[in-house]
Amino acid sequence: MPVSIDIELPINKKAKFPASCVVCAADHPDSKIVLTDSAAGVLSSWFFHSNLWSAKVTVEAPACKHCASSYRWLRYFYILVLLLSIAAGIFLANWCVPPGWSRLLKKISTFAIVLPCLIPYVIWVIKNPLPFHIHADEKKVSYQFRNPDYAKGFAILNNVLKEEDRDDFAAH
Ligand SMILES: [Zn+2]
């Protein structure tokens, strides 16, 4: 079962990538995948509902031209499946929440119905992770790889893998 392998680096550290495609591992890729995530501070999200004060993290990972293009479409597809799951939940909530309920109760019950509708999506994403993804928080960036060999190369390049851990990682 392919699950992604997460490697964390401090947010201010520029990641080094192996000189191969992050999707298919081909050598000397001719393009790149650019991903941006913002490390929204809890306070700025809470008070301003914005990423105004948060650090924006942009990462460029080497990729073949056709892998970068198919990756883009794959991301759109994942977003589409997520939106369809949310829409299905809202449709279900509209269908089974009695019209006489108060607005607050309607909101709470819609939320309670939509959340379980996202479980199949979450399981599907865990079982079929994107080849590469990032997630930033205030202190670190998590680099998520589907290919364990690529993840290992990345970890070694960025000095997050100690010599004695290398065999364990290979068995991951
Ligand atoms: Zn490729």
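1. Two strands pair if DSSP finds at least two bridges between them. Strand S4 covers residues 132-136, and strand S5 covers residues 140-145. Five bridges join S4 to S5. The two strands run antiparallel.

2. How many residues lie between S4 and S5 in their hairpin? There are three. For a position to look up, take Ile134, which stands opposite Tyr143 in S5.

3. Now the helices. Helix H2 spans residues 65-96, and helix H3 spans residues 103-117. Their axes come within 8 Å and cross at roughly 140 degrees. Angles over 145 degrees would count as roughly antiparallel, and 65 to 115 as roughly perpendicular, so H2 is oblique to H3. The crossing of H2 past H3 is right-handed.

4. Which residues make the contact between H2 and H3? From H2 come Ser85, Ile86, Ala88, Gly89, Ile90, Leu92 and Ala93. H3 supplies Ser109, Thr110, Ile113, Val114 and Cys117. Sorted by class, the contact has eight nonpolar residues and four polar ones. Charged residues are absent from it.

5. Check confidence before reading further. The protein chain averages a pLDDT of 85, and 83% of the residues score at least 70. Residues 42-47 are another matter: pLDDT stays under 50 there. For this stretch the model has six contacts beyond four places in sequence. Where pLDDT is low, predicted coordinates should not be read in detail.

Key
Residues numbered from 1 in each chain as written. Predicted model: local features only at pLDDT ≥ 70, side-chain atom pairs only at ≥ 80, totals over all residues. Axes fitted to C-alpha atoms, helices over the stretch in contact; angles between N-to-C directions. Helix = DSSP H or I, 4+ residues; strand = E, 2+ residues; numbered from the N terminus. Parallel < 35°, antiparallel > 145°, perpendicular 65-115°, else oblique. Left-handed = near helix turned anticlockwise from the far one by under 90°. Contact = placed C-beta atoms within 7 Å. Nonpolar A, V, L, I, M, F, W, Y, C, P; charged D, E, K, R; others polar. pLDDT = per-residue confidence, 0-100.
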